[in-house]
Amino acid sequence: VIKYAERLLAVEQTVDNHLLLVQTYLNTGLVKEAEQQLASFRERYPTDSRGLLLGAWLSMKQGHTKEALELTNKRLERDQNDATAWQLRGQVNYMLSEYDQSIMDLKRSKVLLDTATTRLLLSKTYLKIGRTEDAITELKSIIEDPQAPEEARNLLERIYLNPKRKEALDDFYSKV
């Protein structure tokens with residue numbers, strides 16, 4: 001990942017390539033590398049507000065949830081229509097055990113950009129507060145999506161493994 005990401009940046013040093021590099025590091029768990037590249041990004045592009053969101057994501061990965069929330073809120077002050085920022089804020093609020101707020105944030109993200117990842121996060125939050133049927137609805141809507149994380153199918157299967165849901169489990173197995 002590091003090798004190819006750095007090659008991309010060496011070929012063309014654009015704002016989008018810098019962002020892609022930081023995102024790639026964060027997606028693959030290379031937090032130290034992401035931190036270094038984010039510092040470089042902020043140096044080169046100090047006025048680009050997308051750096052706030054990447055900073056929030058990095059802070060969340062480092063366990064600095066309050067800082068992540070502050071940075072995400074700053075990003076949302078600049079752009080209320082940023083679905084990724086709402087999704088990230090929902091994740092941070094989940095980590096802070098603010099489940100109702102997490103649900104509101106994730107629903108806002110889903111309205112702006114309906115993705116399998118957002119629905120998966122929303123279903124996990126629903127499960128955390130005992131809203132199993134809502135979680136099932138979210139999961140059922142994405143399990144046939146090829147872009148859906150495998151975790152969605154696994155989570156739905158775990159819900160259906162409850163002895164009272166044998167028929168739903170049989171139906172689930174026949175579909176997937």
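The protein has 11 helices and 0 strands. Helices here are DSSP runs of H or I with at least four residues, strands are runs of E with at least two, and both are numbered from the N terminus. From that end, the elements read α-α-α-α-α-α-α-α-α-α-α. This is a predicted model, in which local features need pLDDT of at least 70, side-chain atom pairs count only at pLDDT 80 or more, and totals for chains, interfaces and linings use all residues. Residues are numbered from 1 along each chain as its sequence is written, and side-chain values use heavy atoms, with hydrogens and water left out.

The C-alpha atoms fill a box of roughly 55 × 35 × 25 Å, taken along the principal axes. Of the 176 residues, 42% count as buried. Buried means under 20% relative accessible area, exposed means over 50%, and partly exposed lies in between (1.4 Å probe, protein chains only).

Now look inside. A nonpolar core is a set of buried Ala, Val, Leu, Ile, Met, Phe, Trp, Tyr and Cys residues joined through side-chain atoms within 4.5 Å. The largest has 26 residues, and L26, L38, L54, W57, M60 and L88 have the most contacts inside it. Two or more residues each come from α1 (2-11), α2 (15-27), α3 (31-44), α4 (50-61), α5 and α6 (83-95). Helix α4 gives the largest share, 7 residues. Take L26 as an example. Leaving aside neighbours within four places in sequence, L26 is in contact with A34, L54, W57, L58 and K61. A second, separate core has 20 residues, including L106, I136, L156 and I159.

Helix α5 spans residues 65-78, and T65 is found in it. T65 is buried, because its relative accessible area is 14%. Not counting residues up to four places away in sequence, T65 touches V92, M95 and L96.

Move on to α10, residues 150-160. Its buried residues are A152, R153, L155, L156, I159 and Y160. An α-helix has 3.6 residues a turn, so residues three or four places apart point the same way. The cover over the buried residues of α10 includes α8 (116-128), α9 (132-140) and α11 (166-175). N154 is also found in α10. N154 counts as partly exposed, because its relative accessibility is 36%. The C-alpha atoms of N154 and I143 are separated by 9.6 Å, and the two residues are 11 apart along the chain.

A pocket is an open set of points on a 1 Å grid over the protein atoms alone where a 1.4 Å probe fits, with protein on both sides within 12 Å along at least five of seven lines; lining residues have an atom within 4 Å of a point. The volume of the largest pocket is about 420 Å³, counted as the space filled by probe spheres set on the points, which are joined across faces, edges and corners. Its lining has 18 residues, of which N27, W57, T84, Q87 and Q91 lie nearest the centre. Helices α2, α4, α6 and α8 each give two or more residues to the lining. Helix α4 gives the most, with 6 residues.

Note on methods: Contact = heavy atoms within 4.5 Å.
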